[in-house]
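User: Please go through this structure with me, one point at a time.

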Amino acid sequence: MAESPSAKRWLPLEANPEVMNQFLWGLGLPESEAECYDVYGLDEELLEMVPKLVLAVLFLYPMTAKTEEERILQDSVNQEPSNKVYFMKQTVGNACGTIGLLHALGNIISEIKLSEGSFLDRFFKSTASMDPLERAAFLEKDREMELAHSLAATAGETEASDNVDAHFICFSCVDGQLYELDGRRSAPILHGPSSPSSLLQDAAKVIQGIIQKNPDSINFNVIAISKKEGGI
């Protein structure tokens with residue numbers, strides 16, 4: 001992401017469901033509501049192994065000249081996303097993991113119950129009527145989130161470094177449409193019809209397309225956020 005020399009930078013979040021679960025549960029997502037799971041492959045058999053109902057899909061991919069070219073091209077196409085899509089810009093370096101998780105939760109607020117008065121409950125209530133840049137500024141100034149992100153970033157299995165070339169994005173189903181949510185883009189990217197029951201398969205098709213365009217890259221990770229049985 002292009003930044004000024006003075007731009008704030010965080011340590012990157014590891015693509016590790018355990019780390020993400022502790023991060024989200026600590027900020028106000030009840031453990032009984034939802035959980036992050038690894039997606040071990042994109043063929044139908046492996047997708048079927050992922051616990052249902054999938055609420056959101058996170059994708060970590062290496063940034064290359066090809067992916068950047070594609071991003072600029074897609075940004076030049078005018079899209080009219082539903083005003084029901086919760087979207088925010090990324091202004092903090094290496095915050096894409098946290099922003100991916102906020103995009104995921106921000107678009108399923110009606111399907112999960114956050115702990116009353118928790119950080120996430122307060123964050124989404126405070127930013128509900130803001131535009132994407134205002135949400136980014138709100139996050140940038142939030143010391144509680146910065147600390148939580150820092151603790152999660154250092155809890156992973158790999159040594160944390162702020163020199164990374166990988167990026168997290170989120171796929172959500174909003175109003176019967178599949179959206180790609182990436183804080184480095186100017187707006188959500190619409191990928192066509194979807195449904196809560198087909199979200200994982202629909203996102204997998206888009207992800208496969210990205211992987212196929214980058215045959216020389218191998219560092220891809222897919223994580224699903226699924227509703228826990230017994231949740232609302």
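The questions below go from the whole chain to its sheet, its helices and some single residues.

User: How many helices and strands are in the chain, and what pattern do they follow?

Analyst: This is a predicted model. The chain has 8 helices and 6 strands. Read along the sequence, their pattern is α-β-α-β-α-α-α-α-α-β-β-β-α-β.

User: What percentage of the residues of the chain count as buried?

Analyst: The accessible surface of the chain is about 11,200 Å², and 52% of that surface belongs to carbon and sulfur atoms. Buried means under 20% relative accessible area. Of the 232 residues, the share that counts as buried is 50%.

User: Among contacts between residues at least 6 apart in sequence, what percentage join residues at least 24 apart?

Analyst: A contact here means heavy atoms within 4.5 Å. Among contacts between residues at least 6 apart in sequence, the share joining residues at least 24 apart is 75%.

User: Why is one side of β1 and of β5 left without a neighbour in the sheet?

Analyst: The 6 strands form an open sheet in the order β1-β6-β2-β3-β4-β5, with antiparallel pairing. β1 (34-39) and β5 (189-193) stand at the edges, so one side of each has no neighbour in the sheet, and each has a single partner strand. Direction ignored, neighbouring strands of this sheet are turned against each other by an average of 25°.

User: At what angle does α8 run to β2?

Analyst: Two helices that lie across strands can be taken in turn. Helix α4 (residues 96-106) lies across β2 (54-62), β3 (166-174), β4 (177-181) and β6, and runs at about 5° to β3. Helix α8 (residues 199-212) lies across β1, β2, β3, β4, β5 and β6, and its angle to β2 is about 10°.

User: Is the crossing of α5 and α6 left-handed or right-handed, and which residues meet there?

Analyst: The axes of α5 (residues 119-127) and α6 (residues 132-140) come within 10 Å and cross at roughly 145°. This crossing is right-handed. On the α5 side the residues are Phe123, Ser126 and Thr127, and they meet Arg135, Phe138 and Leu139 in α6. By class, this contact has 3 nonpolar, 2 polar and 1 charged residues.

User: Is Phe119 buried or exposed?

Analyst: Phe119 is in helix α5. Leaving out residues up to four places away in sequence, Phe119 touches Leu27, Asp142, Glu144 and Met145. The C-alpha atoms of Phe119 and Gly28 are 6.1 Å apart, although 91 residues separate the two in sequence. The relative accessible area of Phe119 is 3%, so this residue is buried.

User: Is Gln22 buried or exposed?

Analyst: Gln22 is in helix α1 (residues 17-27). Its C-alpha atom is 9.8 Å from that of Cys36, 14 residues away along the chain. The relative accessibility of Gln22 is 53%, so Gln22 counts as exposed.

User: Which residue does a cis peptide bond join to Lys52?

Analyst: The residue in question is in the loop between α2 (44-48) and β2. With omega at about -5°, the cis peptide bond joins Lys52 to Leu53.

User: What is the phi of Asp175?

Analyst: Asp175 lies in the loop between β3 and β4. Asp175 is not a glycine, yet its phi is positive, at about 55°.

Methods
Residues are numbered from 1 along each chain as its sequence is written. This is a predicted model: local features need pLDDT of at least 70, side-chain atom pairs count only at pLDDT 80 or more; totals for chains, interfaces and linings use all residues. Side-chain values use heavy atoms; hydrogens and water are left out. Axes are lines fitted to C-alpha atoms, for helices over the stretch in contact, and angles run from 0 to 180 degrees between N-to-C directions. Helices (H or I, at least four residues) and strands (E, at least two) are DSSP runs, numbered from the N terminus. A crossing is left-handed if the near helix is turned anticlockwise from the far one by less than a right angle, and right-handed if clockwise. Ala, Val, Leu, Ile, Met, Phe, Trp, Tyr, Cys and Pro count as nonpolar, Asp, Glu, Lys and Arg as charged, and the others, Gly among them, as polar. Buried means under 20% relative accessible area, exposed over 50%, partly exposed in between (1.4 Å probe, protein chains only). Accessible areas come from the Shrake-Rupley method with a 1.4 Å probe; for residues, only the protein chains shown count as cover. Two strands pair if DSSP finds at least two bridges between them.
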